[in-house]
Amino acid sequence: MNTGLIIGLLLPLAGTMLGSALVFFMKKEINPLLQKALLGFASGVMVAASVWSLLIPAMDMGNIWQATFGLFLGFAFLLLIDHVTPHLHLVGGPEGPRSHLSKTAMLSLAVTIHNLPEGMAVGVALAGAMVGNGISISAALALALGIAIQNIPEGAIISMPLKAAGNSKGKSFLIGSLSGAVEPVGAILVILLASVFTPLMPYFLSFAAGAMLYVVIEELIPEASEGSHSNISTIGFAVGFALMMVMDVVFG
């Protein structure tokens with residue numbers, strides 16, 4: 001059980017690190033069309049993850065009103081962060097109020113917030129396996145593996161924009177990987193304090209969905225739609241959404 005517990009705790013983080021490592025295969029400059037495709041892809045991944053990984057499980061664990069409340073809370077939290085940190089939007093000078101730093105900072109924050117309740121969900125399954133309430137350790141590990149696979153594109157959509165914004169590949173990989181470090185932390189918290197955190201899971205899940213959707217609407221889609229060839233980002237969105245939807249259903 002101890003070995004299974006450790007594997008279950010570390011699998012989701014490993015998926016994020018694997019996705020973040022894709023940044024090492026990037027060239028120095030991203031082709032503008034590829035950048036639009038990646039922005040659309042990231043948007044599709046995040047919208048699908050918000051629905052299948054977060055909102056639907058939130059409603060399954062609670063009810064529609066808890067999910068709705070948490071969703072609005074997530075939007076409100078990112079709106080507040082966006083408001084109280086205006087300096088993030090001033091980098092870049094004449095290019096306008098938006099900047100790569102703003103987009104990548106908000107994207108990293110949103111994915112990190114999203115990863116916390118996913119880690120907590122793994123903790124719920126592992127805690128159930130430990131106390132023998134009908135959940136087997138193999139089922140808990142299957143859930144952890146599914147989340148790890150889902151985390152691969154999520155790690156990539158953090159590290160790649162960070163590299164495109166001028167950061168080194170090593171730094172981009174590190175920040176992308178750190179976004180997944182909250183998953184084992186969330187799982188351990190639930191295992192230690194299951195009676196406290198488990199009833200709050202619907203709120204945590206839907207809160208993360210609201211945070212991710214805010215970033216898609218406020219940061220990713222507007223940038224992906226600027227200028228010509230916006231249809232490239234639309235195609236990227238469709239691919240990202242479909243990929244994440246399939247992963248969530250098959251491995252969820």
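In which helix is Ser-159 found, and what does Ser-159 touch beyond residues up to four places away in sequence?

Modeller: Ser-159 is found in helix H5, residues 137-164. A word on the source first. This is a predicted model, where local features need pLDDT of at least 70 and side-chain atom pairs count only at pLDDT 80 or more, while totals for chains, interfaces and linings use all residues. Residues are numbered from 1 along each chain as its sequence is written, and side-chain values use heavy atoms, leaving out hydrogens and water. Helices are DSSP runs of H or I, at least four residues long, numbered from the N terminus.

Ser-159 has a relative accessible area of 0%, so it is buried (under 20%; exposed is over 50%, partly exposed in between, with a 1.4 Å probe and protein chains only). Not counting residues up to four places away in sequence, Ser-159 touches Gly-19, Ser-20, Val-23, Ser-172 and Phe-173. Contact here means heavy atoms within 4.5 Å.

Helix H1 (residues 2-20) packs against helix H6 (residues 169-178) at about 155°, with axes 8 Å apart. The axes are lines fitted to C-alpha atoms, for helices over the stretch in contact, and angles run from 0 to 180 degrees between N-to-C directions. That makes H1 roughly antiparallel to H6 (over 145 degrees; under 35 is roughly parallel, 65 to 115 roughly perpendicular, the rest oblique). Their crossing is right-handed, meaning that the near helix is turned clockwise from the far one by less than a right angle; anticlockwise is left-handed. H1 brings Leu-13, Thr-16, Met-17 and Ser-20 to the contact, and H6 brings Phe-173, Gly-176 and Ser-177. By class, this contact of H1 with H6 has three nonpolar, four polar and no charged residues. Nonpolar covers Ala, Val, Leu, Ile, Met, Phe, Trp, Tyr, Cys and Pro; charged covers Asp, Glu, Lys and Arg; the others, Gly among them, are polar.

H1 also packs against helix H7 (residues 182-192), at about 150° with axes 8 Å apart. H1 and H7 are therefore roughly antiparallel. This crossing is right-handed too. Leu-5, Leu-9, Pro-12, Leu-13 and Thr-16 of H1 meet Glu-183, Pro-184, Ala-187, Ile-188 and Ile-191 of H7. The contact of H1 with H7 has eight nonpolar, one polar and one charged residues.

With a relative accessible area of 0%, Asn-151 is buried. Leaving aside neighbours within four places in sequence, Asn-151 is in contact with Pro-12, Gly-15, Thr-16, Asn-115, Glu-118 and Glu-183. Asn-151 lies 102 residues from Ala-49 in sequence, yet their C-alpha atoms are 9.9 Å apart in space.

H5 has a part in the core too. The largest nonpolar core has 39 residues, and Met-46, Leu-78, Val-215 and Leu-220 have the most contacts inside it. A nonpolar core is a set of buried Ala, Val, Leu, Ile, Met, Phe, Trp, Tyr and Cys residues joined through side-chain atoms within 4.5 Å. H5 supplies at least two residues of this core, as does each of helix H2 (32-61), helix H3 (64-84), helix H4 (100-131) and helix H9 (201-225). H9 gives the most, with 13 residues. Apart from this core lies another, of nine residues, among them Leu-5, Ala-140, Ala-144 and Ala-187.
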